[in-house]
Amino acid sequence: MSENKLAGRFFDAAIGLLRRVRDEESANIAAAGTAVADAVAAGGRLFAFGAGHSALPAQDVVYRAGGFALMNLLAVPGAVGVDVMPATLGSALERVDGLAGAVLDSSPAADGDVLFVISLSGRNALPVEMAAHARTLGMTVIGVTSVAYAKETRSQHSSRTFLKDHCDIVLDSKIAVGDAELTAEGVDAPFAPASTVVTSALMQAVMATAAGELAGRGIQPPLLRSGNVDGGHEWNGRVMAEYHDRIFFRH
């Protein structure tokens with residue numbers, strides 16, 4: 001088995017998925033970018049949530065160079081990545097009813113804000129309830145998920161609904177059920193997941209669209225610069241001071 005050949009196959013698979021979401025999700029990306037720009041222009045706040053590995057694309061747009069200073073991570077204790085022991089506890093928490101509502105109600109999220117809910121399968125209680133409850137609060141909910149799961153699996157939520165059923169805008173990552181792009185002789189299970197690559201790209205595409213939308217309206221996007229370039233820390237200090245009432249991560 002050639003490791004280099006498998007690496008090439010993975011890159012080809014990831015590139016193919018990126019091309020699909022670029023071409024097939026362009027209207028939804030544009031709508032999500034407009035929603036973000038509308039919230040920023042109206043004085044709203046931005047939040048991103050994901051559980052387990054779906055937390056990685058959420059974290060990717062929070063407090064980073066080239067990103068919006070107003071993007072806040074909506075964290076559920078024990079469900080942010082694999083930050084608990086045993087790691088299976090995080091998966092169990094995704095199935096707990098009522099947890100999402102408790103987190104939202106104790107957060108600063110409110111009417112007029114935007115919430116990204118990221119869940120590959122979109123079938124567990126946590127993302128489903130997060131999206132549903134956010135809408136009752138008047139938030140605009142953007143779901144980032146694989147719609148294939150809603151067609152090929154059963155919801156784990158008592159309502160038997162999926163994340164996509166509770167969103168104002170849905171971004172479909174096109175990831176196949178199981179999230180593994182490769183198979184090979186001598187390997188008993190499929191491997192090489194691409195969901196993080198594709199979902200992170202979707203998130204960055206939306207934020208890029210929002211930056212362009214704001215600029216087109218004559219509004220300077222609240223962007224952060226790298227702290228590793230001269231003047232970066234000073235720039236970021238000014239941005240954070242200007243928008244301090246809309247930034248909830250420690251700074």
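Reply: Buried means under 20% relative accessible area, exposed means over 50%, and partly exposed lies in between. Please keep in mind that this is a predicted model.

Me: Why is arginine 45 called buried?

Reply: Arginine 45 has a relative accessible area of 14%, and because the label buried applies under 20%, arginine 45 counts as buried.

Me: What makes the contact of arginine 45 and aspartate 113 a salt bridge?

Reply: Their side chains meet at 3.0 Å, N to O, and because the rule asks for a side-chain nitrogen of Lys or Arg within 4 Å of a carboxyl oxygen of Asp or Glu, the pair qualifies as a salt bridge. Arginine 45 lies in the loop between H2 and strand E1, and aspartate 113 in the loop between helix H5 and strand E3, so the pair ties together parts that are 68 residues apart in sequence.

Me: Why is glutamate 25 called buried?

Reply: Glutamate 25 has a relative accessible area of 5%, and because buried means under 20%, the label applies to glutamate 25. Glutamate 25 forms a salt bridge with lysine 174, the closest N and O atoms being 2.9 Å apart.

Key:
Residues numbered from 1 in each chain as written. Predicted model: local features only at pLDDT ≥ 70, side-chain atom pairs only at ≥ 80, totals over all residues. Heavy atoms only, no water. Buried < 20%, exposed > 50% of the residue type's maximum accessible area, 1.4 Å probe, protein only. Helix = DSSP H or I, 4+ residues; strand = E, 2+ residues; numbered from the N terminus.
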